[in-house]
Amino acid sequence: MPLIENLARFSQSTWRRLEEQAERLNVRWSKQWGPALIFERLWQEAELDKAFAALLEDRQLAFDVAEAVFTMVLNRLTDPCSKRGLVRQWLQGVYRPQAEQLELHHYYRALDVLAEHKEAIEDRLFARARDLFWTEVDVVMWDCTSSYFEGRGPEGLAAYGYSRDKRPDRPQLVVGVLMTRDGYPIAHEVFPGDTADKATVATVLDALKRRFHLRRVIFVADRGMVSRPILRAIEEAGMEYIVGMPLRRHRAAEAVLSQPGRYRKVNKQLQIKQVTHQGQRYILCHNPLQAEHDRQAREAVLAHLKQRIERGQAKDLLRNRLVARYLKALPQGALVVNTDAVKRATRYDGKYLLRTNTDLEPEAVVRAYKDLWRVERAFRTLKSALDLRPMFHWTERRVRGHVMVCFLALVLESLLLRKLRQQNPEASYEDVLSDLAQLHAVAVELDGETYLTRTELVGQAYEAFKAVGLRPPARVQPMPRPATTPAG
């Protein structure tokens with residue numbers, strides 16, 4: 001009993017002391033800090049700060065262009081919004097004292113600088129990445145996506161064309177990204193919205209010859225990118241290629257499929273067969289699991305089709321190209337299942353066709369082609385996490401600057417992904433970024449003095465600090481003095 005009474009008196013005195021200290025402590029604000037620390041480190045590692053300093057050393061600008069660009073890139077990576085939203089809302093909740101002197105018009109002017117120096121910045125990024133990661137870059141990948149405008153968009157870029165966003169009612173632009181096989185962005189190009197994917201290849205071939213001094217280039221692209229003139233252009237440029245071919249429509253497909261020879265098993269999901277036809281080298285790939293999926297999907301379609309035929313409702317399906325190929329009209333006008341078409345379709349189950357002029361082993365050819373998923377993932381990032389679409393800028397220069405911001409964000413994301421894979425392959429980029437967002441800077445005032453403190457690291461946040469070689473900030477430090485950069 002005396003022990004309990006003593007503990008109670010101790011608790012009461014401790015609580016009174018804490019209350020007295022709390023009255024002296026004033027929490028002024030709490031702002032997100034974690035992502036800014038990590039991506040600023042990567043920004044410096046990529047030497048983007050030095051790139052802007054070198055490019056703008058002869059220009060007298062009254063604001064920090066590099067800081068304006070980094071702030072826009074950080075916004076793309078964490079909580080994309082418009083430039084107005086960045087200044088009026090987002091930046092109010094982010095600890096970025098370097099940006100306190102920047103105003104809305106500075107961000108717009110920074111977009112103009114980005115558009116002006118796009119190639120020079122990409123060239124410096126590529127040279128830096130080659131020093132950091134590679135002794136030789138040999139495989140490059142190119143793919144395109146589209147983004148639409150709300151409103152008319154800038155003349156010269158905004159045009160109606162094939163819309164991957166399912167918005168044919170909106171003018172759009174086309175964006176292409178050139179990447180290494182491990183998913184690191186090298187360069188990007190912006191085209192008018194009515195530019196066909198195939199027509200963009202000439203631009204990237206020119207960039208590879210003119211800007212990047214690569215000893216060997218293997219150009220990898222998907223089916224929608226290739227044509228005979230393009231393949232000739234690649235070969236005339238002294239490059240090699242690995243391209244997917246439209247198996248059902250390619251004129252050599254039947255001859256390739258009919259070539260004798262067994263498939264060689266690579267793993268449970270891949271069997272390959274090398275075929276030479278009319279002097280061209282092809283790799284025919286077969287995925288048994290995908291083949292079974294294709295068979296089951298076709299059986300389901302055929303079962304539905306037969307039901308509609310029995311009910312006399314098959315004509316309604318003629319507008320569906322995927323279903324209509326299994327239908328055949330009899331002389332009297334009745335529709336029946338085309339058994340020959342079904343038999344032909346089974347030949348394609350689980351198969352895809354590659355064409356190459358390289359001397360790589362077949363397995364290496366397939367691996368390089370399958371690495372295209374990194375490019376596809378990059379586009380998903382550009383259009384969702386980086387919020388490339390829809391476009392709200394109305395001049396061509398601002399649009400190009402905005403896309404450049406998204407490209408730089410993709411570069412930093414790629415760097416972080418690479419380092420996380422090296423540090424901890426099990427770490428999830430999305431989880432790491434979410435946990436980093438929980439790290440806040442907190443300003444507290446005690447006895448008239450202001451201090452900067454931070455919240456605890458949670459979840460996988462420490463993985464990011466470890467991956468980029470950065471120590472977390474001190475728990476308590478004097479509040480840094482405000483920046484004195486003049487606004488202009």
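Predicted model: local features only at pLDDT ≥ 70, side-chain atom pairs only at ≥ 80, totals over all residues.
Trainee: Why is cysteine 81 called partly exposed, and what is said of cysteine 285?

Mentor: Buried means under 20% relative accessible area and exposed means over 50%; cysteine 81 has 22% relative accessibility and therefore counts as partly exposed, whereas cysteine 285, at 0%, counts as buried.

Trainee: How do you know whether cysteine 81 is in or out of a disulfide?

Mentor: A disulfide requires two cysteine sulfur atoms within 2.5 Å, and by this rule the count for the model comes to zero. For cysteine 81, the nearest cysteine sulfur belongs to cysteine 406 and is 12 Å away, so that cysteine 81 is in no disulfide.

Trainee: What makes strand S2 mostly covered?

Mentor: Of the 10 residues in strand S2 (residues 139-148), 10 are buried, each of them thus having under 20% relative accessible area. Both faces share in this: Val139, Met141, Asp143, Thr145 and Ser147 point one way, Val140, Trp142, Cys144, Ser146 and Tyr148 point the other way, and all are buried.

Trainee: Which strands pair with S2, and in which sense?

Mentor: With strand S5 (residues 218-221), S2 pairs in the parallel sense over three bridges, and there methionine 141 has valine 220 as its bridge partner. With strand S3 (residues 172-180), S2 runs antiparallel and is joined by nine bridges; in that pairing valine 140 stands opposite threonine 180.

Trainee: Why is helix H7 called roughly parallel to helix H16?

Mentor: Helix H7 (residues 118-133) and helix H16 (residues 396-423) pack at an angle of about 5 degrees, with their axes 12 Å apart. Angles under 35 degrees count as roughly parallel, and therefore H7 is roughly parallel to H16.

Trainee: What makes up the contact between these two helices?

Mentor: H7 contributes Lys118, Ile121, Glu122, Leu125 and Phe133, while H16 contributes Met404, Phe407, Leu408, Val411, Leu415 and Arg418. The residues of this contact divide into eight nonpolar, no polar and three charged.

Trainee: How do you know that S8 takes part in hairpins?

Mentor: On one side, three bridges join strand S7 (residues 264-267) to strand S8 (residues 270-277) in the antiparallel sense, with asparagine 267 opposite leucine 270, and the two strands form a hairpin with two residues between them. S8 also pairs antiparallel with strand S9 (residues 280-286) over seven bridges, among them one in which threonine 276 has arginine 281 as its partner. S8 and S9 likewise form a hairpin with two residues between them, and glutamine 278 in that turn has a positive phi of about 50 degrees.

Note on methods:
Residues numbered from 1 in each chain as written. Heavy atoms only, no water. Buried < 20%, exposed > 50% of the residue type's maximum accessible area, 1.4 Å probe, protein only. Helix = DSSP H or I, 4+ residues; strand = E, 2+ residues; numbered from the N terminus. Pairing = 2+ DSSP bridges. Axes fitted to C-alpha atoms, helices over the stretch in contact; angles between N-to-C directions. Parallel < 35°, antiparallel > 145°, perpendicular 65-115°, else oblique. Contact = heavy atoms within 4.5 Å. Nonpolar A, V, L, I, M, F, W, Y, C, P; charged D, E, K, R; others polar.
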